[in-house]
Amino acid sequence: KKGFGMIPAPIMQHSVSPELLKNHWDFFKATGQNKNFSPKFLAIMRMTIATSGTFQHCDYCVDGNAMMLKSMFKMTDKELKAIQKDPSKANFDEKESKMLSFLLTATSDSHSLSKASFDELRKLGWSDKDIFEGLKMASQMVAAIYMVNTLKIPADFGEK
């Protein structure tokens, strides 16, 4: 509650399994220690994966991350809609733009990634640990989308 100002519904759902709740929370703590992924980057990554609809669109995930971006980074609805429509509008530097593109591809068409895709990230300064953790966070987002949609968790963040 301290970190988010509320307890997000997907976290509350984990209360039926304290072991998985601890595992889930430990995952977020561990990945949050990687300073190469800013909170803004991670929120945009989560929002754009949830917007893509490659697997399923997730209103809760889109709205929750958009709320975080508005609150923490003073982003406007116009900026957020533009990024949702075209993730390259996120206004990241080349390093972050390439990682975002890589993660979006990994969650939509993973077979299209090649050794050159990984090498390009390495040349920009991403380590193998960064690439692995980025992939883990992106794939975790896909899993969260399925959980939220299956459990029919409503997007109750107020007006969009």
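Analyst: The model is a predicted one.

The disulfide links Cys 58 with Cys 61, with an S to S distance of 2.5 Å. In general terms, such a link is a covalent bond between the sulfur atoms of two cysteines. The torsion about the S-S bond of Cys 58 and Cys 61 is about 60 degrees, and the disulfide is therefore right-handed. Cys 58 is buried, its relative accessibility being 0%. Cys 61 is likewise buried, at 5% relative accessibility.

Helix H5 spans residues 77-85, and Leu 80, Ile 83 and Gln 84 within it are buried. Viewed down the axis of H5, these buried residues fall within an arc of 100 degrees, so they line one face of the helix. As a general rule, an α-helix has 3.6 residues a turn, so residues three or four places apart point the same way. The face of H5 turned away from the buried side bears the exposed residues Lys 78, Lys 81 and Lys 85. The cover over the buried residues of H5 includes helix H3 (39-52) and helix H4 (59-73).

Leaving aside residues up to four places away in sequence, Gln 84 touches Met 47, Thr 51 and Val 62.

Conventions. Residues are numbered from 1 along each chain as its sequence is written. This is a predicted model: local features need pLDDT of at least 70, side-chain atom pairs count only at pLDDT 80 or more; totals for chains, interfaces and linings use all residues. Side-chain values use heavy atoms; hydrogens and water are left out. Buried means under 20% relative accessible area, exposed over 50%, partly exposed in between (1.4 Å probe, protein chains only). Helices (H or I, at least four residues) and strands (E, at least two) are DSSP runs, numbered from the N terminus. The arc is that of the directions from the helix axis to the C-beta atoms. Contact means heavy atoms within 4.5 Å. A disulfide is a pair of cysteine sulfur atoms within 2.5 Å.
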